[in-house]
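Q: Got a model to go through with you. Can we start with the terms and then take it piece by piece?
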Amino acid sequence: MDGSPALDDAGADAAADRRRFVAPPRGQVDPACFRHPLFERYAEYRELLTAAAWPGIDALNAALPLPGRCFAAQDPALLGDGLHYETRIATHGRIATRTENWHDLFNALVWARHPAVKSALNARQCLHIAAMGPQRRNRAQQALTQFDECGVVVRVADPALLPLWDGHRWHELFVAQAARWHDGGIAIAAVIGHALMEQALVPGRLLVGRCVVVRGGDDAACVARVAEAIADGGILEDPLELRPLPLAGIPGWHPRQDAVFHAQAGYFRPLRAGRLYPPPLRAAP
């Protein structure tokens, strides 16, 4: 799915980057990286990330209780049931989790922080697996997976900012309108992508979020609207629905945001001819 030529450039590059990326060993990760804004909404779980030892499966279940679900060690005994990863979650409530693995630890944190979003993603994946079989994937499954891995919910209160994003007018969005990233005109409501968090273990990486946009002024309401829209099949039917956002351009998200930084056309990509984005969702007032 990641190599599909139908994906836009940012999506294809992000997919290839995920395949190449190897997370650093736990002992080599600077705990200061977890104070980056990407991890802001996960501060309550910081001890699981910064402790010298990896949390075991029992410790994860104790720290991150999920009604009706649990984390289960991904070992031969678990995999012996022959079930698809998503099907196992839906039918048995068991989330296969590799031990001493950053990717799966971040996935566990997202389950704890945003269970409605993760449950909706799982339910939609299972519907498509039932229709397609476990060996084939359609474009909706691609979209669901991209959001699961690299997804970000962006809350936009000022609709005048959307044309800047629509046109990839990055300098205007990030520099000329920098104040709006601080006063609530536009904000990151939730980081869903656990692959994004894994790559952020290496400071300075230029990450691209795959975004769903919601018009509204309250983070929780915007995230709830996304969960609802996923669950009813209103969004994520095609990867091209997802808006790329160069996260390092957000004011304060990268240590060097000067003119040279913003001139990187390979990162702040121009709009591809014919590329259009769907209108934002609207959160409940």
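A: Buried means under 20% relative accessible area, exposed over 50%, and partly exposed in between, with a 1.4 Å probe and protein chains only. This is a predicted model: local features need pLDDT of at least 70, side-chain atom pairs count only at pLDDT 80 or more, and totals for chains, interfaces and linings use all residues. Numbering starts from 1 along each chain as its sequence is written, and side-chain values use heavy atoms, without hydrogens and water.
Q: Which helix is A231 in?
A: Helix α13, residues 219–231. Helices are DSSP runs of H or I, at least four residues, numbered from the N terminus.
Q: What does A231 touch?
A: A120 and R124, leaving out residues up to four places away in sequence. Contact means heavy atoms within 4.5 Å.
Q: New topic. At what angle do α7 and α8 cross?
A: Roughly 155°, with the axes of α7 (residues 115–132) and α8 (residues 139–150) coming within 10 Å. Axes are lines fitted to C-alpha atoms over the stretch in contact, and angles run from 0 to 180 degrees between N-to-C directions. So α7 is roughly antiparallel to α8, a term for angles over 145 degrees.
Q: Which residues of α8 make the contact?
A: A140, Q141, L144, T145, F147 and D148. On the α7 side, R124 is one of the contributors.
Q: How many residues of α8 are buried?
A: 11 of the 12, so α8 is largely enclosed by the rest of the structure.

Conventions: Helix = DSSP H or I, 4+ residues; strand = E, 2+ residues; numbered from the N terminus. Parallel < 35°, antiparallel > 145°, perpendicular 65-115°, else oblique.
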